[in-house]
Amino acid sequence: ITSQGWFGRSSSDFTMMKIGLLLSLAASSSAFLISPSPALSGSRTLAPAAHSLSALCRIRPAIRSGRGAALLVRAQGAATEGAATETSVDATEKGTVGILGVTGGVGRLTAAAVMAQGFKVRAIVRDAGRARPLLPSGIEIVEADVRFPEQGVGLARAIQGVESLLVLTGTSAFPTKKWGPNNENNPKAVDEVGTKNLVVALDAVNKQAKEEGGRSVKRVTLLSSIGVQRRTQFPFSILNTFGVLDAKAAGELALIQGAARSGYKYAIVRPGRLIGGPYTNPDFANLLKLDEKEAKSVELRNGDPSGFKGDASRRQTALALAQTLIQGDVDMDFSLVNKEGNVLTQDDWDSKFEALSRPPEALRLEFNSLNQEKFARWLSNWGAGIVTSGGLFPPLPIPFRVDYPDDGAIGLNLNFLSVTVQGEVTPIGSLQARLVDDKRGKVAFVVTRFSATADMPFPGEVQILDKLQEDLYRVTTNAAAGAQSMWGTNNIDL
């Protein structure tokens with residue numbers, strides 16, 4: 001059972017191809033004092049051989065490895081038999097990461113990314129003989145199966161001693177040969193029952209570690225799918241015809257509940273439609289050098305937000321999975337798709353994950369220079385006028401109130417309200433706008449959304465933020481419409 005895209009690649013069924021086409025999802029220097037074009041963000045038999053297991057369950061004899069300080073990564077080339085390239089990766093400072101589903105496209109890429117970060121990798125596989133040619137010669141390989149937790153060395157024994165666990169198991173969404181002759185690899189068996197079996201094993205491992213002072217599993221990352229929380233909506237309802245998203249949702253819930261019981265942090269990663277290689281290319285050393293054309297960057301969004309869709313390359317998905325190991329001791333739950341842009345540096349990844357911890361930004365305007373005193377006066381007047389002057393046409397579909405921060409910050413709050421026929425007023429959330437110092441040395445005017453459905457704009461939100469941008473352009477030197485506009489010369493130089 002390995003990580004898969006939405007469809008089994010080996011299927012030649014023409015009907016499946018048509019369904020696949022139907023399910024294809026669309027992705028989505030300034031001379032000015034503000035940015036000229038700001039945007040609304042909106043795995044049967046035991047075969048341990050020479051491979052090592054450390055700190056095994058007490059019911060099994062311990063097998064320890066004499067591996068040295070460096071992990072030798074050998075990649076056997078496909079074209080020239082016996083050809084190999086070698087790199088030495090220091091794996092002494094970091095712990096061991098267990099990976100289930102490591103022989104799939106995403107799995108092999110993830111193993112490469114994790115090793116590049118300096119971690120040791122334990123590959124937990126169903127068939128060591130099949131896995132060995134696909135993985136580096138120095139990697140630790142253990143046999144276990146999430147569907148049948150007593151097979152191989154046993155699931156609990158296989159994961160004991162790892163610091164973190166990456167769960168990349170999966171199967172095709174529609175019936176293919178990957179489901180097996182008796183449907184033993186269908187989505188429910190793999191994504192639901194398999195994940196639940198793993199959570200039970202984690203409970204046992206961490207309980208024993210607590211009782212005996214051993215090493216517990218501290219982080220578990222689960223590869224899921226975009227659309228899990230929207231599985232009743234088109235087109236995800238079609239993808240869910242045979243229950244793949246239902247099964248993934250059940251697996252996610254089991255992991256979250258298990259984390260609360262056993263004290264590990266969880267991460268749920270939901271990529272868009274998986275695209276790109278590798279497929280069966282055994283050149284492990286070059287996995288992370290795949291050409292992704294112009295779409296080398298990614299967009300991350302908390303949860304599984306409405307309207308967020310697109311493709312996600314296996315490479316970028318693997319890099320994001322590996323990043324969950326080093327991005328703080330917190331729970332994570334996010335979706336990702338590819339977008340055009342440059343390859344992300346570590347600083348870029350850090351920034352993207354840091355942004356996940358903040359409330360969603362509805363708007364960000366960056367200034368090259370700014371008279372903050374004048375800006376504060378202008379913003380105060382704008383807030384008062386937008387309520388009383390009729391400047392919004394048509395009027396917003398729901399009532400709102402403007403107030404100002406009482407901590408001395410420059411900004412305002414747009415509070416959206418619900419009013420009953422009896423006149424009862426209930427706040428439903430707010431847009432909080434603040435002037436902040438950007439990490440890059442600029443000043444930014446940032447509007448963040450605070451609501452129960454943080455990824456969903458308020459009714460009328462786009463309209464009022466468009467108005468705010470438009471009015472700011474008018475009072476800024478070198479505004480978008482030029483120094484002269486239909487409103488006359490800009491007489492407030494912010």
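**View 1. The whole chain, for orientation.** Count up the secondary structure of this protein chain and you get eleven helices and 19 strands. Bear in mind that the model is a predicted one. Of the 494 residues in the chain, 50% are buried.

**View 2. Zooming in on a five-stranded open sheet.** Reading across, the strands run β13-β17-β16-β15-β14, and the pairing is antiparallel. At the edges sit β13 (361-367) and β14 (400-403), each with pairing on one side only. On average, neighbouring strands in this sheet are turned by 15 degrees against each other, direction ignored.

**View 3. Where β15 meets β16.** Here β15, covering residues 411-419, lines up antiparallel with β16, covering residues 425-437, and nine bridges link the two. For one of the residue pairs, look at V419: its bridge partner in β16 is V425.

**View 4. Helix α10 against the sheet.** Made of residues 372-388, α10 packs on the sheet and touches β13, β14, β15, β16 and β17 (443-450). If you like angles, the direction of α10 makes about 155 degrees with that of β14.

**View 5. Helix α11 against the sheet.** Residues 461-474 form α11, which also packs on the sheet, with contacts to β13, β14, β15, β16 and β17. Take β13 as the reference strand here: the direction of α11 makes about 5 degrees with that of β13.

Conventions:
Residues numbered from 1 in each chain as written. Predicted model: local features only at pLDDT ≥ 70, side-chain atom pairs only at ≥ 80, totals over all residues. Heavy atoms only, no water. Pairing = 2+ DSSP bridges. Helix = DSSP H or I, 4+ residues; strand = E, 2+ residues; numbered from the N terminus. Axes fitted to C-alpha atoms, helices over the stretch in contact; angles between N-to-C directions. Contact = heavy atoms within 4.5 Å. Buried < 20%, exposed > 50% of the residue type's maximum accessible area, 1.4 Å probe, protein only.
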